[in-house]
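Open the model in your viewer and keep the sequence panel beside it. The tour goes from one selection to the next.

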Amino acid sequence: MSSHFPQVRPRRLRKSESLRTLFQETEFSVNDLVLPIFVEEEVDDYAVIETMPGVLRIPESKLAYEIERYAKAGIRSVMTFGISHHMDATGSDTWKEDGLVARMARICKDTVPEMIVMSDTCFCEYTSHGHCGVLHDHGVDNDATLVNLGRQAVIAAAAGADFIAPSAAMDGQVQAIRSALDEAGFIDTSIMAYSTKFASSLYGPFREAGGSVLQGNRKNYQMNPMNRREAIRESLMDEQEGADALMVKPAGAYLDVISDIRAASRLPLAAYQVSGEYAMIKFAAQAGAIDERKVVRETLGAIKRAGADIILSYFAMDIAENGIDY
């Protein structure tokens, strides 16, 4: 054969489905996924979220039914977000023993004890101003918010939450929460830090889902999307403060950051495929521009390939019920 033709032919390992499967480098399954859910108090019916086709607000009275349904499909973990009808300036409902944060965790664990419950720990859905903490004239007061985050974390842990997941983006929040949990006797309750959370434009549909009343933005405390080195620093700081797992949010636009943090840390690493990522896939599929199933598989595979161990995704239930190629 002429020397002009290649001897090295990578296509040899692609010539059949069996070979492609055998040599596939990255795998993911429903076991890698966490399902974020929205739970609304004091309503009777599910509410459609127009900007997130297929995602519904769950009435609190239906939460036990939904948790059973998720468990039967193979979902092993949920992240709870509450839609509160008891907002105030500080989000004080979150640290009440009978508040929505506590009730969500309690219902989930009472219904399916083996379900891993991650309690989103923040105030944006519980404050009358929509910010993630105590709002003063100069903006969100970091240190006053830390005290309240600790109070909320203890309430969630007492109600049965397996993970406290602080998303408020306050400096020192992991250390404050770890101290509060330990002092209250919850030394075995884990912290999954939203350790690198960007001030992203991809959160828009979530604002509708969570009933946000936010005026302005959160750029003073969430990260600049253009900063890569700072992103690594933020996660490593949370590791030093005692986080049990780290997270990058959003995921798809920040695969480089996921890869960087994976190389810098040995902690478990999560990535959140956020509402805007979900919505773009859904609406593009509805328009006939893409094949939804193939794009979901490709995007989740890319997040896993970049280094994430765990992926939070609104597609989790679709995959659980129908397989990776749902």
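**Stop one: the arginines**

Select R207, which sits in helix α6, residues 204-209. Helices here are DSSP runs of H or I with at least four residues, strands are runs of E with at least two, and both are numbered from the N terminus. This is a predicted model, in which local features need pLDDT of at least 70, side-chain atom pairs count only at pLDDT 80 or more, and totals for chains, interfaces and linings use all residues. Residues are numbered from 1 along each chain as its sequence is written, and side-chain values use heavy atoms, with hydrogens and water left out.

R207 counts as partly exposed because its relative accessible area is 28%. The classes are buried under 20%, exposed over 50% and partly exposed in between, using a 1.4 Å probe and protein chains only.

Look for R218 in the loop between α6 and α7 (229-241). R218 is buried, since its relative accessible area is 8%. Leaving out residues up to four places away in sequence, R218 touches C124, G130, H131, C132, R207 and S212. Contact means heavy atoms within 4.5 Å.

Why keep both selected? UniProt, in an unreviewed entry, lists R207 and R218 under "binding site". Both R207 and R218 belong to the lining of the largest cavity. UniProt positions follow the numbering used here, feature names are shortened, and annotations may be inferred rather than shown by experiment.

**Stop two: the lysines**

Zoom in on K197, in strand β10, residues 196-197. K197 is buried because its relative accessible area is 9%. Beyond its neighbours within four places in sequence, K197 contacts S167, Y203, Q222, M223 and K249. Show the backbone oxygen of S167: it lies 2.9 Å from a polar atom of the K197 side chain.

Move to K249, in strand β11, residues 246-249. Is K249 buried or exposed? K249 is buried, because its relative accessibility is 6%. Among its contacts, neighbours within four places aside, are Y194, T196, K197 and Y272.

**Stop three: the largest cavity**

A cavity is a set of points on a 1 Å grid over the protein atoms alone where a 1.4 Å probe fits but cannot get out; a pocket is an open set with protein on both sides within 12 Å along at least five of seven lines; lining residues have an atom within 4 Å of a point.

There are two cavities of 30 Å³ or more. The largest cavity holds about 150 Å³. Of its 18 lining residues, K197, Y203, F206, R218 and K249 lie nearest the centre.

**Stop four: the largest pocket**

Which residues lie nearest the centre of the largest pocket? Select G54, V55, L56, R69 and Y70, which lie nearest the centre among 19 lining residues. Elements giving two or more residues to this lining are β1 (33-40), β3 (56-59), α2 (63-73), α9 (275-286) and α11 (316-322).

Definitions and conventions: A polar contact is a pair of N or O atoms within 3.5 Å; within protein, one must be able to donate a hydrogen and the other to accept it, and residues adjacent in sequence count only if both atoms are side-chain atoms. Grid points are joined across faces, edges and corners, and a volume is the space filled by probe spheres set on the points.
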